[in-house]
Structures are given as C-alpha cells and as structure tokens.
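Welcome, and take a moment to look over the sequence and the structure before reading on.

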Amino acid sequence: MPMSNASPTVFKTQSFTHQWVAFAIMVLFFAIAPIWVYPIFLMKVMCFALFACAFNLLLGFGGLLSFGHAMFLGTAGYAAAHAAKVWGWNPEVAVLFATACSAGLALIAGSLAIRRQGIYFAMITLALSQMVYFFYLQTPFTGGEDGIQSVPRGKLFGIFDLSENTAMYMFVLAIFLSGFTLIWRIVHSPFGQILKAIRENQDRAVSLGYDTDHFKLLAFVISGALAGTAGATKALVFQLASLTDVHWSMSGEVVLMTLLGGLGTLFGPVVGAAIIVSMQNYLAQFGAWVTIIQGLIFVICVLAFRRGVIGEIAHWLKKPL
Amino acid sequence: MEIFGIPSQALFGQLLIGLINGSFYALLSLGLAVIFGLLNIINFSHGAQYMLGAFVAYLSLNKLGINYWVSLILTPLLVGATGVLIEKTMLKRLYKLDHLYGLLLTFGLALIIQGVFRHEFGSSGMPYPSPEVFQGVFNLGFMFLPKYRAWVIVVSLIVCLGTWFVIERTKLGAYLRAATENPSLVQAFGINVPRMVTLTYGFGVALAALAGVMAAPIYQVSPLMGADIIIVVFAVVVVGGMGSIMGAIVTGFGLGLIEGLTKVFYPEASNTVIFVIMTIVLLLKPAGLFGTQK
C-alpha cells in the first residue's frame, strides 16, 4: 500500500501554472526576506529545504523511506569542509566534490538497501548511517567531537568573496533554486512518472517491463547527491562540519520536515523545513523540549494531518503543489 | 594463560560482556519480532520502552522503596499496560495505511518519551544497585563471573525460550501464527483478533521493559540508554530476518558474542562490527539468515 494512498487527492487539472505562481512567490520571498530576517537563519532554512526536497524525491515520489539520510548531509559537510580548509579549494569546486562524495556513498548504501523493501529498507538505511556515524567519530580527519571548525568560505570562482554575508546569501540562494528546479524537472520527467508508478504498485511496474531496482537506485543516488549539496552548502555557511549532521536524529528531522510540509508535494518540504528550523531557533533555550515537541508533531501528523501543510492547501485548491 | 596471544582473563571477560549484550539484543529483537509478526509494524519506541522499564524500576526503588524482585514483575506489567493504551488509542488507526506510518508514529513516541525523561533527569546515568543475593562473584577457575550477570543470562535464555515455546508449540501460539497468516479467516472462526493484536503489542512492550529492569543494575539508568541500542537491534533483526522467533534469539546472542570478540581482537571496529555483518548478510542472503523473502 503506497504512502500517498493515505490521502487520495484526485487532481483534475493537468496545467501547472499554479506551480509557477507558487515558485514565483517562493523566489520573491527568499529574495526580499533578508531585509527583515537574519540572513544566516534564512541560509540555514534554504539548506534544510534542499535537504528535505531531496529526501522527499525519494519518499514522496519514490515511496522509499530512508531513515539514514543524515549520512549524505554529514559526509558532504566533511568533504566540503576538508576540501576548502585543508586543500584550499574554491567553494564551488568544494561543493561539487562533496556532492560527488555523497553520490558515491549513496550508490553503495542504495545498492545494499534496495535489496529489501518497506520497513526493512528504513532499518537498513538507519543501520548503515549509524555505521557511517561511528566511522566519522573515530577517523582522525573529521576532528571527532570537535568537528572541522573555522572552514574558510573562500572566493567563488576566485572572484566573489563569500565571507561577506550578502554574497554568500546569493550563492546559497542560487544553489537552492537550482536544486529545487532540478527536482521539479525530475518529478515531471518520464523517469519521475516511472518512480511514481513504482510507488503506487511495484509489481505492476515490474510486469510492465521496468527494471524497478535500477530506477530505485537511481532515485536514491540523485536524492543522496542533492542531500550532499545541501550538507556541503551548510558546512560553508556555518564554517563548520560536525557529528550533529551525521547523527540519526538528523535523519529523523528531515522525515519530520517532509511529513509536516506535505509528502509528495513540491513545496511542502520547503515549508516544513522553514517551520522546523524556526521552531528549533525559538525553542533552543528550552533544551529537551525541542525533542518533545518534535515527537508531538510526528504523532499529530501521522494520526490526523497526513497531507501536511502544503498537501492540505493543494487539496483545498484541488491543484497539485 | 594466553589464547591467540590474548590473556585468557581479557578474552573471557569480553566474551562474557558479549553474552550479556547478546542477552539484551535477543530479548529486544524477540519483542520486535513478535510485534512485527502480528502488527506488521516496526516498533521504533522499543528502545524508549526499554529505557522506561529501567526508569520505572529506578524510581519505584528510590521513591516507593519497591525492591528489584517486585519490580521485575510489576514494571513489565505497568509498561506493558501503557503499550496496550498506545495500541488502543493510536496504532489501531494506522493498520489500514502503509506500514511505514506505524514506524513514524512510534518514532515520534520515542522522541516524546526520551525528551520527557531527559528534561526531568538530564543526560547523565544513575546507578541502580544489584539485589543483595547477587552481589559477589562465582569463581569458575579460569575467570570470575559476577553473580548478577549469570542471572541475567539465565533469565534472558528462559524468557526467550519460553516465548518461543508458547508461540511455536501451544494452542495460543497456533492462533497467533494463524492470525499472522490470515487475520480475517481466524476472526471468522470466532477468535477475537483485535484483542489478540492489542495484547501482543502489550506483551512485546512488556518484554522491552523487562529487559530494561534487568539492564538497570548493569548499565547506568539514563534517558538515552535505549536510543543507540535500538539501532543495533534493528541491524540484528535485519541479519536474523524477522520471520522466525528462534532466528531472533540465536542472532541476538550470536552477534553479542561476535561484538565481544571484536573488542578483544580489533577494538576500533567493535562499534561497527554488527553493521558490517549486516552488510555482508545483505550481500549474500538478502532475506536474512533465518528469514524468507516475501
């Protein structure tokens, strides 16, 4: 039974103008929001939004629940931080290199995990990411509990100095929007349609002659690579790569962002990421309360709010968002 | 005396720790397997419920003066009752949906339970004294065996084998297995399947709480004690395959022992060895050692 069936919303329209409108609103928001909102906070939102969108590509459109996506976020963070700090690479090269590292890891982890389905898939990805966590905890180059600190943001293409927050903001915005449009394009591509077919009924997709394992692995690698892009960017923004980004609780957070925003919607993960990151910011002083509230949101979303914020709006508008 | 260049004291010591860890892996993966068999969900809050067991024992000793022996019976009943409540009020609504929603719900519950205890008690561990009868050690000649640890291994074996016997060899177990295969047919025969499902979840949760009470004197009682062990237990479950009860037991003890041996021969890998074994098993026998691919 595919996850999307929980809340069947049948959309009559096949036009996508409203998605363009929503996209324009989103771009406008991120373009003018720095006037009122602290830019570092917005950059954090965009990094997590890209992370959640990448995760949603796998769960929302492919029906695969990965409970270990933090391994891609963290791996790319370490790779980018190491490349920028120790090797002195330019930020754009460091981000590309880190994305490639995450894609490689996703290829290995994905080819193991797709050997099992459903719940087992979730448990295997969780166990693999825990293994990766212990690896980073012990290996010397990550700096253990300290992480890699004071990573230089460097100069984009050797020209633009990213230590300036405005330049960095533009850089992050460009990465986020490219990642988002890529996912948007993928969802509407023939490949995206096959993914949805696998999500709805894997056996039927097999009987139609599709090599489903091949498509699932490809989706896993794309999702892992984009999660890596988000992690690398995040490491440059905060000039820090640490164990937090590899921990299983981070894998749980990205599930929560996607669930809250709306599974299988384009814009849901962005909204979910914004809500969760804001909540963490405001509640940071209350310590364990953040965990309790996250747990409560999980329970409420699963029991009564399975469409998520954007999913509800889309249902109300009768148009996919 | 040395074996493979390792002092035998160290070797047997680590093997014992491995056996102890294995007892807990076996008890916890057994509970997961029982729940999964009938409910088809993975109980992510299993680790939190294990922690809950240890905490109930700790609090009832310190606030109410209830001793270990009473706790050993009372705590699983109490925590099991909360499991019944969770099944009745929440899990029940999810059976018609994708099974992954059950995983997400129990993950959320685990966050809430762990968060509440972390808020109240902080992250540091608290000691729980082992009962007086078991203070002291057995001298086995080649090593000293703390009495309490011997007790844990014995109880764990008895509980595991008892559960196996009930499920595989009794009439009640036959109903249970039949309901796993075809719930609507079993219900048509007049068996109250929904009640059976509720009680099964309660029983699985009670097993986790029992493991928690037994763990309290060995490990420190702390809000996060269940968070990391549950991921290892997931790997154990993937290795064993959830199809068989005996598989869960054998894999639990076996992987505990292997982990103990790794601590002797290559300590750096002791955290990851179970995950490495999981990877190898996935490559060679994707359905798990005792499982059948559905």
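Predicted model: local features only at pLDDT ≥ 70, side-chain atom pairs only at ≥ 80, totals over all residues.

- Most residues other than glycine have a negative phi.
- B:Asn40 is not a glycine, yet its phi is positive, at about 60 degrees.
- You can find B:Asn40 in the loop that links α1 (8–39) to α2 (46–63) of chain B.
- B:Asn40 has 13 C-beta neighbours inside 10 Å, so it counts as partly exposed.
- A:Gln239 also has a positive phi without being a glycine, here about 55 degrees.
- Its place is the loop between α9 (212–238) and α10 of chain A.
- Because A:Gln239 has 16 C-beta neighbours inside 10 Å, A:Gln239 counts as partly exposed.

**Where the two chains meet**

- The contact draws on 38 residues from chain A and 34 residues from chain B.
- On the chain A side, the elements giving two or more residues are α5 (118–138), α10 (248–261) and α12 (289–304).
- With 14 residues, α5(A) provides the largest share of that side.
- Sorted by class, the side of chain A that touches chain B holds 28 nonpolar, eight polar and two charged residues.

**A helix pair across the contact**

- Helix α5(A) packs against α11 (residues 273–284) of chain B at an angle of about 135 degrees, and their axes are 9 Å apart.
- That angle is why α5(A) counts as oblique to α11(B).
- The crossing of α5(A) and α11(B) is left-handed.
- From α5(A), the contact uses A:Ile124, A:Ala127, A:Leu128, A:Gln130 and A:Met131, while α11(B) brings B:Phe275, B:Met278 and B:Leu282.
- These residues divide into seven nonpolar, one polar and no charged.

**Chain B as a whole**

- Chain B contains 11 helices and four strands.
- The C-alpha trace of chain B spans about 65 × 50 × 35 Å along its principal axes.
- A compact globule of 294 residues would have a radius of gyration near 19 Å, and chain B agrees with its 19 Å.
- Of the 294 residues in chain B, 50% are buried.
- Among contacts in chain B with a separation of 6 or more, 76% join residues 24 or more positions apart.

Terms used:
Residues numbered from 1 in each chain as written. Chains lettered and ligands numbered in written order. Contact = placed C-beta atoms within 7 Å. Nonpolar A, V, L, I, M, F, W, Y, C, P; charged D, E, K, R; others polar. Buried ≥ 20, exposed ≤ 12 C-beta atoms within 10 Å, placed from the backbone. Axes fitted to C-alpha atoms, helices over the stretch in contact; angles between N-to-C directions. Parallel < 35°, antiparallel > 145°, perpendicular 65-115°, else oblique. Left-handed = near helix turned anticlockwise from the far one by under 90°. Rg over C-alpha atoms; globule rule 2.2 N^0.38 Å.
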